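Look over the sequence and the model before reading on.

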Amino acid sequence: MKAPIILAVDTSDFDTALAWVKNTTESVAVYKLGLEFYLNFGHQGVARIVQETGAEIFLDLKLHDIPHTVAGAAKAIADLSPKFLTVHASGGKEMIQAAAAVLPQTAVTAVTILTSLSEEDLFEIGFASPALESAVALAKMSVASGAKALVCSPLETAAIRSAVGDAPIIITPGVRPLSEVGKDDQKRTMTPNGAIAQGANFVVIGRPITSAWIDGATAIRDKAAQIATEILEN
């Protein structure tokens, strides 16, 4: 059975990406194709993944520009019909509105604050408020501007869910099985079950699953199934 996992397909090898998708479809609901994938393989690469696997796509481009440019970029990928398309919430309400107007069938997904950023990083950048307060404000503005989904740290999920209600989809990266926490560049983390308990609809998981590929197709299939089972049984 599929779990509410969005698998981060972060690789510069197309055949590897395709194999990851094909070997985890029994356990994974959605696949994240991000900037690395898109710059390597482009529009055609995303289309091939969809055509050959039928996968639902989280197109993680994090658009952030003036509204006219973002609307044009959103229109350029409209025929791919991604389930989710990310934009930076900090681009503002008019930018989010522009993307949402072009893609009525896609959940424009506003990224609040990157999970790689610490509190110290935020103040260095120039944020006046701590991560929690800033993320909640960005989430409320984004939903009011037409975003149907949000990306936030699991540590901000409960507060954002309380602020925006039940309708918006909340997606949380920065989740790690307990044995994996602290091993990479995600600083604000939680277990998948913890994030879902806080109100997340989907959790983004990458290396805890894809690192099993070094041992082959069966290994990545089994790892995805293991993590999916942990989520579904708790």
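At roughly what angle do the axes of helix α6 and helix α7 cross? The axes of α6 (residues 131-144) and α7 (residues 154-164) cross at roughly 40 degrees and come within 9 Å. This is a predicted model: local features need pLDDT of at least 70, side-chain atom pairs count only at pLDDT 80 or more, and totals for chains, interfaces and linings use all residues. Residues are numbered from 1 along each chain as its sequence is written, and side-chain values use heavy atoms, with hydrogens and water left out.

- Helices (H or I, at least four residues) and strands (E, at least two) are DSSP runs, numbered from the N terminus.
- Axes are lines fitted to C-alpha atoms, for helices over the stretch in contact, and angles run from 0 to 180 degrees between N-to-C directions.
- At roughly 40 degrees, α6 and α7 are therefore oblique to each other (under 35 degrees is roughly parallel, over 145 roughly antiparallel, 65 to 115 roughly perpendicular, the rest oblique).
- The crossing of α6 and α7 is right-handed (the near helix is turned clockwise from the far one by less than a right angle; anticlockwise is left-handed).
- On the α6 side, the contact (heavy atoms within 4.5 Å) includes Ala-131, Leu-132, Ala-135 and Val-136.
- On the α7 side, Leu-155, Glu-156, Ala-159 and Ile-160 are among the contact residues.
- By class, this contact has eleven nonpolar, no polar and two charged residues.
- Ala, Val, Leu, Ile, Met, Phe, Trp, Tyr, Cys and Pro count as nonpolar, Asp, Glu, Lys and Arg as charged, and the others, Gly among them, as polar.

**Helix pair α1 and α2**

- Helix α1 (residues 14-22) packs on helix α2 (residues 35-53) at about 35 degrees, with the axes 11 Å apart.
- The crossing of α1 and α2 is right-handed.
- Phe-14, Ala-17, Leu-18, Val-21 and Lys-22 of α1 meet α2 residues including Phe-37, Phe-41 and Gly-45.
- The contact of α1 with α2 divides into seven nonpolar, two polar and three charged residues.

**Buried sites**

- Thr-106 sits in the loop between α4 (93-102) and β5 (107-111).
- Thr-106 has a relative accessible area of 5%, so it is buried (under 20%; exposed is over 50%, partly exposed in between; 1.4 Å probe, protein chains only).
- Its side chain reaches the backbone oxygen of Pro-82 at 2.8 Å.
- Beyond four places in sequence, Thr-106 touches Ser-81, Pro-82, Lys-83, Phe-84, Leu-85 and Lys-148.
- His-88 belongs to strand β4 (residues 84-88).
- His-88 is buried too, at 17% relative accessible area.
- Leaving aside neighbours within four places in sequence, His-88 contacts Lys-62, Leu-63, His-64, Met-95, Val-111 and Leu-114.

Notes:
Polar contact = N/O pair within 3.5 Å; in protein donor to acceptor, adjacent residues only side chain to side chain.
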